[in-house]
Amino acid sequence: MNELLVVKNLNKTFVGEKNSSISNISFNLKEGEKLSLIGPDGAGKTTLLRLLSGLLLPDGICENKENSPVYISGFSPYSNLNEVKKLIGYMPQRFGLYEDLTVMENLELYADLKNIEKSKREELFETLLKFSGLADFTKRTAGALSGGMKQKLGLSCTLLSRPKILFLDEPSVGVDPVSRRDLIEITEKLAHENKIGVIWATSYLDEAKFFKNYLLLDEGRKISQGCVSDTEKSMKGLVFYSGNKSDKKRTFLNKILKDEYGITDATIEGDRVRTVFKDLVSAQNFPFDKEETEPVFEDFIMYTFKDKKHKIDESVRNIEVSPPDNIAIEAIGLTKRYGNFIAANNISFKVKKGEIFGLLGPNGAGKSTTFKMLCSLIKPTEGKSTIFGFDIQKQPQEAKKNFGYMAQKFSLFGNLSVRQNVEFFMGVYNVKRSVQEVIKGYDLEKYINRNASSLPLGYKQRLALCCALVHDPPVLFLDEPTSGVDPVIRREFWMRINNLVKHKTSVLVTTHFMDEAQFCDKIALCYKGKILVTDTPDNLKNSVKSEKLKHPSMEDAFIEIIRRAS
Amino acid sequence: MNLNIIKALVKKEFKQIIRDNSSILIAFVMPLVLLFLFGFGINFDTNTVKIGIVDNDCTTFTKDIIQSLNGTKYLDCTFYKTSKQADNALLDGKIRAYLTIPVNFTREFKKKISGNYAKPKIQIVTDGAEPNTAKYASSYIQGAILSFFEYKNAEGSIKTGKNGGIKTQIRSFYNPSLKSTYFILPSSLSIIITLTGTILTALVVAREWERGTMEALLTTEMSKADFVLSKYIAYFILGFLSVIFCLFFIIFIFKVPFYGSYIALFTVSAFFLLTGIGAGLFISTVLKDQFTSSQMAGTIGFMPSMMLSGLIYEIDSTPIFIRFLCFFIPARYYVSAVSSLFLSGVILKTVISTLIFMLIFSFLTGFLTFKATKERIEEC
């Protein structure tokens with residue numbers, strides 16, 4: 001097999017920046033080989049793909065054109081850009097489509113731009129439309145397509161020139177899990193049949209398992225690289241489900257996260273605690289019930305990043321007050337219509353005190369609409385909701401005192417300092433405590449005078465949580481709290497939520513991360529404005545168990561439930 | 001350069017223009033609104049000016065003069081006993097100017113016409129807060145007085161002698177009816193061309209960057225010449241249609257007389273349009289952000305073509321520094337060429353010198369745009 005792509009000591013530092021965005025990356029890609037490029041937001045994935053496709057220039061190339069760190073089939077993208085253009089297919093984020101043009105017009109435009117002969121087009125278009133399932137939508141404008149369809153059209157446009165190598169930049173953002181699965185299958189098939197090399201950049205770690213090899217990137221550096229299955233095998237003997245069902249899982253989780261047990265990662269998965277040990281000895285000496293399980297790729301990531309973790313202060317105030325009937329949040333027949341479009345259709349559920357309730361679903365499923373109705377940000381067309389017994393429409397003031405809200409993208413005041421942000425929220429909720437006291441346990445002291453916009457992502461998230469909780473509310477609303485955050489910070493965030501829930505805070509969370517849903521006590525699966533089913537994570541997974549799917553993941557369960565519903 | 005690619009890009013650009021209402025709005029609706037605004041809303045002519053008269057001399061001769069002032073349709077006279085009263089009326093805005101005839105005016109005047117040394121004087125006070133009206137008021141009054149003497153001279157009742165005779169003739173060339181719309185409407189073409197040429201094009205490259213399509217284009221076989229040319233062609237066609245559309249309104253709806261040659265007009269307009277497109281594309285290419293680009297295009301494209309082109313302010317009456325600045329404003333050459341084409345026919349010297357400037361400017365902006373366009377996101 002031939003080396004399709006050779007990358008050797010690739011470096012990139014942007015003008016005016018101290019730290020390099022890509023430092024010393026080397027790897028090869030063979031014909032037909034598929035590689036997932038994984039890493040959190042800001043890890044340098046896009047920069048790397050742009051460097052590979054010749055859109056950006058690596059350090060030192062201007063001084064010495066001969067010394068190219070990248071070769072694609074023997075051509076350097078820096079001195080032979082025109083040759084390289086014929087070899088690569090690059091799909092940028094947001095797919096590079098013209099939203100005003102129809103599906104067919106987009107295809108025709110890119111065919112013209114890529115000099116595809118007119119005689120070959122008809123057949124080519126037919127094949128591509130067939131594989132993408134867009135044949136019935138050729139007259140629809142790209143802007144009116146769903147995320148999954150846009151993604152397929154983007155890929156089709158990229159494939160027009162029959163490239164030897166595909167660079168896909170975050171193709172799965174904003175795409176529902178069913179379409180995502182589709183696209184991955186299509187890409188696999190294509191790569192296999194036409195011997196196309198594929199680099200699939202993603203911040204969703206779970207996607208790595210769909211590809212044979214991975215390259216893990218963080219802060220521009222290669223953290224590790226290899227074959228996904230080998231890596232999983234290397235973790236054998238370190239991953240267990242611990243505790244038994246009678247244990248209170250949240251208390252148990254806190255108990256085992258002490259240094260003496262040698263645990264690098266522990267997380268709630270349905271009724272049990274998934275535990276990753278730092279070595280075999282620690283695993284053997286573990287004094288509680290445990291049952292070995294198959295390692296997955298995320299275990300490895302957590303193992304790799306073990307030094308990045310923060311200790312969490314457990315001092316959280318107990319929520320003493322109790323709502324009527326112990327129901328913290330209740331939604332009764334919430335419906336929101338926009339003209340003919342029903343964004344949320346007859347949504348009903350109950351959240352008990354001290355419970356984490358998750359609204360799970362792809363973008364556009366109606367999660368955010370439901371969420372906003374619950375926090376009285378938008379008015380429901382029909383139905384009502386209560387928080388701690390207070391009707392959010394009729395007694396908004398009382399209801400609002402009882403919940404804290406952490407919005408998507410954190411909604412902090414970027415040009416106020418950490419202290420000023422906290423002071424502002426204290427003022428809004430009329431909290432009479434010192435700032436020091438409020439931020440205790442969030443590890444924000446060292447950044448107290450820094451502007452919120454310049455904080456590292458993890459700290460921003462902590463500050464947002466802190467601001468949402470200044471008034472010690474018994475109910476906490478979290479809207480996509482972890483999008484764009486790396487897995488380590490995500491884990492830490494969930495540990496904090498765990499602490500709160502242990503002390504009887506009730507939490508309502510929306511998420512499109514399937515694995516994150518494991519952390520919830522109950523999940524409502526949302527799809528196209530409706531709740532398909534509400535149950536515990538374990539029950540949902542068990543409900544789709546079959547001969548073919550012996551150990552279904554949350555995503556498997558989700559896809560199966562949607563298939564059955566439609 | 002690849003003709004097929006350029007053709008595909010131009011086609012794409014037109015589909016976007018047609019489907020995106022804002023382009024049509026900027027290219028056709030906004031110019032129309034501007035034309036109506038300039039045609040009906042803005043009028044630099046003054047019809048009747050209210051003035052005051054204070055006659056301290058009170059002779060039959062001064063009564064005669066006043067009579068003739070009152071007789072013109074441009075002046076509406078009110079009489080005041082003292083200058084103080086007239087002053088107050090001026091302050092209250094009841095009148096725009098007043099004239100005072102001093103005591104002894106008649107005696108002085110008679111002394112003068114009988115050959116002795118004398119200075120008969122009439123004072124005119126105008127309201128400087130409204131300079132335009134003030135100017136009109138004073139010149140109307142002066143005109144009226146002059147024509148009075150002329151009449152008397154002709155009648156023979158006053159003999160001013162050979163040398164001391166007052167003889168004036170006021171006549172306006174090129175805009176005989178002195179209608180300012182005849183000047184404003186053709187000149188406003190400069191603003192209209194700037195709208196499609198600069199404001200619209202300032203958005204288009206930035207839009208490709210913002211929507212992530214630029215990245216996709218850069219990895220196709222398109223060259224940067226293809227890209228720049230396709231933008232030029234698409235917006236040149238659109239801009240030219242807009243010019244024709246507006247000319248139709250100016251000539252056939254507003255009935256502004258046209259004395260020049262259409263070929264000259266279209267050639268000058270075409271080159272001015274190219275200059276504008278170049279400036280817009282350059283701004284857009286450098287800034288890569290629709291909001292900043294449109295702000296910038298407004299500041300360095302739209303404002304000068306309105307303020308510094310001679311359309312609203314006479315360039316010769318601006319301070320030296322501004323006059324120097326105007327030298328670099330293409331719109332200024334365009335305004336002078338278009339207004340002379342409309343009102344006085346083809347003046348070859350003006351047309352050719354304008355064309356030379358336009359060529360230089362359009363070549364310059366085109367060159368800058370091409371230089372600023374990159375084959376990659378960054379270049380050495």
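What radius of gyration does chain B have, and what would a compact globule of 380 residues have? In this predicted model, chain B has a radius of gyration of 28 Å, while a compact globule of 380 residues would come near 21 Å. The C-alpha trace of chain B spans about 90 × 40 × 40 Å along its principal axes.

Let us stay with chain B for a moment. Its secondary structure consists of 15 helices and 4 strands. Of the 380 residues in chain B, 37% are buried. Taking the contacts in chain B between residues at least 6 apart in sequence, 80% join residues at least 24 apart.

Now for chain A, which is divided into three parts, listed here:

| Part of chain A | Residues |
|---|---|
| domain 1 | 3-231 |
| domain 2 | 235-308 |
| domain 3 | 310-402 + 473-536 |

The C-alpha centres of domain 1 and domain 3 of chain A lie 37 Å apart. Even so, these two domains do touch: 9 residues of domain 1 of chain A are in contact with 8 residues of domain 3 of chain A. On the domain 1 side of that meeting, there are 3 nonpolar, 3 polar and 3 charged residues.

How do the chains meet? Here 25 residues of chain A are in contact with 24 residues of chain B. Helix 2 (81-87), strand 5 (88-91) and helix 3 (103-113) of chain A each supply at least two residues of the side that touches chain B. Helix 3 of chain A gives the largest share, 5 residues. Sorted by class, this side of chain A has 13 nonpolar, 5 polar and 7 charged residues.

Note on methods:
Residues are numbered from 1 along each chain as its sequence is written. Chains are lettered from A and ligands numbered from 1 in the order in which they are written. This is a predicted model: local features need pLDDT of at least 70, side-chain atom pairs count only at pLDDT 80 or more; totals for chains, interfaces and linings use all residues. Domain bounds come from an automatic or database domain assignment. Two residues are in contact if their C-beta atoms, placed from the backbone, lie within 7 Å. Ala, Val, Leu, Ile, Met, Phe, Trp, Tyr, Cys and Pro count as nonpolar, Asp, Glu, Lys and Arg as charged, and the others, Gly among them, as polar. The radius of gyration is taken over C-alpha atoms; the globule rule is 2.2 Å times the number of residues to the power 0.38. A residue is buried if 20 or more other C-beta atoms lie within 10 Å of its own, exposed if 12 or fewer, and partly exposed in between; C-beta atoms are placed from the backbone.
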